[in-house]
Amino acid sequence: MPDAIVLVTGATGTVSTALLAELKGKSGIHPRALVHNAGKAAALVEEGYEVAVGDLEEPETLDEAFDAVDVLWLLTPASALEPSMGSNAVNAARKAKVKHIVRNSAIKAAHDAPNRNGRLHAQVEDAIKASDIAWTILRPHYYMQNLLSSAGSVASDGMLYMNMGEAPVGMIDARDVGVLAARVIQDPSSHAGKIYNPTGPKSTTMRVAAETLAYVLGKPVQYVALPQDAARGAMLGFGLSPWFVGNVCDYGRVYSQGWGDFVTSDFTDVTGQQARSLMQFATDFAAVFGGSRMTAAHV
């Protein structure tokens, strides 16, 4: 029996990179990485992956990438174009007779979500559910990797700038979303029609995140809770797009109100293992935050 071909979109991002690593060498699975830029293919080819070039914004580029695919891992970048990218992917999957779609959606995705990203993801979920293709949806919590946006200031000045207020958040290491997705993809039929809400092991404030980084790095780290207007101005000053900035501020506003103060057992229920802790994340990324390898090794 031939291996199941799994098309992995967003193949160079953190979650999909983790997913590819989990799927590599697994019996009965053949991962195919989708990139929209051929220049990004070389590293994946060197790692032994089959690579296809296609752009979810351009449906006419997708036929070859989707050919003979059994399972689609559908991850789209945060963008106002998410609904069209998702629809293009679903249409290509239907045309190619894909058997299962595993969607990386957004926390609390819904048509009445208090943030634009949640509302856009709800549209993609609707398209998947209407496709007559078996599906599983993951709605991950806030990624610990978002802390890396402030890594430079932590390294230089010991300051963690985030627009998240003081409320706890059940954030998850993005690598664990890849782990969970791999488990679903290895046995998709047993997860058909299910929605998972993976979180980290506990809710944690950004102030505690700063304290955790301080412990790992061996130096003071102070959390600065940026007001949304200040965060907006800073990000626009960095040249980020107004849509992206608005999306980050949407999340900052609702998270500051306690919207993300919850955890689930979904990750452990599916994988049988514990999600990475914030301490583990800080240790793994200590060098990015300005620590030395010796620092991380001795935590």
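**Entry 1: a strand pair.** I began with strands β4 (residues 71-74) and β5 (residues 100-104), which run parallel and are joined by four bridges. Trp-73 has Val-102 in β5 as its bridge partner. For my own record, strands (E, at least two residues) and helices (H or I, at least four) are DSSP runs numbered from the N terminus, and two strands pair if DSSP finds at least two bridges between them.

**Entry 2: ground rules.** I am working on a predicted model, where local features need pLDDT of at least 70 and side-chain atom pairs count only at pLDDT 80 or more, while totals for chains, interfaces and linings use all residues. Residues are numbered from 1 along each chain as its sequence is written, and side-chain values use heavy atoms, with hydrogens and water left out.

**Entry 3: the whole sheet.** I then traced the strand order and got β3-β2-β1-β4-β5-β6-β8, an open sheet of seven strands with parallel pairing. At the edges I found β3 (50-53) and β8 (194-196), each pairing on one side only. Neighbouring strands are turned by 20° against each other on average, direction ignored; axes here are lines fitted to C-alpha atoms, for helices over the stretch in contact, and angles run from 0 to 180 degrees between N-to-C directions.

**Entry 4: helices on the sheet.** Helix α4 (residues 82-95) packs on the sheet and touches β4 and β5, with its direction at about 175° to that of β4. Helix α5 (residues 116-129) also packs there, touching β4, β5, β6 (134-138) and β8, and its direction makes about 170° with that of β5. Contact means heavy atoms within 4.5 Å.

Entry 5: Is Asn-117 buried or exposed? I noted it as buried, because its relative accessibility is 6%; the cut-offs are under 20% for buried, over 50% for exposed, and partly exposed in between (1.4 Å probe, protein chains only). Asn-117 sits in helix α5. Beyond its neighbours within four places in sequence, Asn-117 is in contact with Ala-78, Glu-82, Ala-106, Trp-243, Asn-247 and Tyr-251.

Asn-115 belongs to the loop between β5 and α5, and at 0% relative accessibility Asn-115 is buried too. Which residues does Asn-115 touch, not counting those up to four places away in sequence? I listed Asp-250, Tyr-251 and Trp-259.

**Entry 6: last stop.** I looked up Leu-240 in the loop between α9 (228-237) and α10 (242-256). Leu-240 is partly exposed, with a relative accessible area of 33%.
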